[in-house]
Amino acid sequence: GTPADSPDESRFRQARGYAGLNVSSFGGALTSRVSLTYLANRRDYSSAPDGAVDFGYRGTGWRFDYQGKLAATEPLDLLFGYTHDAPSYRFFGFGSNEDHDADTDSVYGMAVLRPFARATLTGGVRHDEHSQFGGVTTFGANANIGLPDEKTRLRASFGQGFRTPSLYQLYDAFSGNRALLPERSESFDVGVDRTIAEGRGQVSLTLFNRNTRNQIDYSPVTFTYGNIARTRARGAEIEVTLSPIDGFDLGLAYSLVDTRNRAPGAAFNRHLARRPVHGFTVLMDQAWSFGLATGATLRLASDSVDPTAPGGEIDGYVLLDLRASIPLGDRFELYGRVENVFNAVYETAYGYSTYGRAAYAGVRVKL
């Protein structure tokens, strides 16, 4: 019907917790980090303000993580670890009350070799064992080599990716799809970094390509999540960082990202929805002599394809964020930030609103 405000109300609460321990042993040859992370989301929906809850979601996630670093020999470091993820999901309402959970156990190992002063070679393997989708092993490697001029570095990397559908994407009563398959991907990138301005700046160029199988996306036709059999993303990124004077840092970044549907059929080679092709970012940070730190970030995104939008496109947008912090003695720091200073009205998906201007402030305490 005709768009109009409704009396519906939603309430959202979130809790986060983290505890970590770093340990050094065997004279510093082995360093270990153990951490436990907790995240809980609570969403309730009512048809009227302060009314009874009609339906809602509960989600929790526990993660245990161990990472060790062993200095095996002078040019070789070994990294290894184990992660256990345990998310759970609950939906209730409209006569339904269902719970789902999943577990993922992951082990990984990585070798970092420095065969000579200006070179670093890295190779790694990871195995993920999911309680529903079984086990998958992935590999990755990269190289970073400095040229004799001591101003230029060449780099390249290859990586495989594996991602299972979230519990919401699988089991949501409205948009879930229990037939979803995990995503698999392979990516490759090459780049060069060049020091400029007598060491006060750097220019970086990166070219990349990523092929994905069974990419998970939301369908505005079926109103459910589904798999796209094959997709491709490729492009280039250019970044310039400068510190023209002490205490002032400037960063400029431009990205060109071409994402395509490569599955045979009517949508073959079409742009993927909701992904801007062009992106530009400017960052400025100033550290003042009396302790104040200020900064600004300006972000520009180009138009993007969205089949549900009038004309099939979402307009681009410009966002400005400001931030500042100042120490209050040795243990306290006062900080604040303002996001979307211009109060821009924009969308990253047609029909879904985004925050307007928002301000945040807080105090950090060092114990």
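Me: Is Asp44 buried or exposed?
Reply: Asp44 counts as buried, at 6% relative accessibility. Buried means under 20% relative accessible area, exposed means over 50%, and partly exposed is in between, using a 1.4 Å probe and protein chains only.

Me: What kind of model is this?
Reply: This is a predicted model, where local features need pLDDT of at least 70, side-chain atom pairs count only at pLDDT 80 or more, and totals for chains, interfaces and linings use all residues. Residues are numbered from 1 along each chain as its sequence is written, and side-chain values use heavy atoms, with hydrogens and water left out.

Me: Back to Asp44. Which side chain meets Asp44 in a salt bridge at 3.5 Å?
Reply: That is Arg42, with the 3.5 Å taken from N to O. A salt bridge is a side-chain nitrogen of Lys or Arg within 4 Å of a carboxyl oxygen of Asp or Glu. Arg42 is partly exposed, at 33% relative accessibility.

Me: Which residues are linked in a network of salt bridges?
Reply: Arg42, Asp44 and Arg58 are.

Me: Why can such side chains pair at all?
Reply: Side chains of opposite charge can pair when their charged atoms come close.

Me: How many salt bridges are there in the whole structure?
Reply: A search finds 19. One of them joins the side chains of Arg11 and Glu9 at 2.5 Å, N to O. Arg11 is partly exposed at 32% relative accessibility, and Glu9 is partly exposed at 24%.

Me: What about Glu333, which residue does its side chain meet?
Reply: Glu333 forms a salt bridge with Arg364, at 2.7 Å from N to O. This pair links distant parts of the chain, 31 residues apart: Glu333 is in strand 19 (residues 332-339) and Arg364 is in strand 20 (residues 358-365). Strands are DSSP runs of E with at least two residues, helices are runs of H or I with at least four, and both are numbered from the N terminus. Glu333 has a relative accessible area of 24% and is partly exposed; Arg364 is partly exposed too, at 42%.

Me: Change of topic. Which residues make up the largest nonpolar core?
Reply: It has 11 residues, among them Phe55, Tyr57, Phe91, Leu167 and Ile216. A nonpolar core is a set of buried Ala, Val, Leu, Ile, Met, Phe, Trp, Tyr and Cys residues joined through side-chain atoms within 4.5 Å.

Me: Which elements give two or more residues to this core?
Reply: Strand 3 (55-73), strand 4 (76-93) and helix 1 (167-171) do. Helix 1 gives the most, with three residues.

Me: What does Phe91 touch?
Reply: Not counting residues up to four places away in sequence, Phe91 touches several residues, including Phe55, Tyr57, Asn97 and Phe174. Contact means heavy atoms within 4.5 Å.

Me: And the surface, which residues form a nonpolar patch there?
Reply: Leu21, Val23, Val34, Leu36, Trp62, Phe64, Tyr82 and Val107, with about 660 Å² of accessible area together. Patches use residues with over 30% relative accessible area and no salt bridge; like charges are joined within 9 Å, and nonpolar side chains (Val, Leu, Ile, Met, Phe, Trp, Tyr) within 5 Å. Accessible areas come from the Shrake-Rupley method with a 1.4 Å probe, and for residues only the protein chains shown count as cover.

Me: Where does Trp62 lie?
Reply: Trp62 lies in strand 3 and is partly exposed, with a relative accessible area of 43%.
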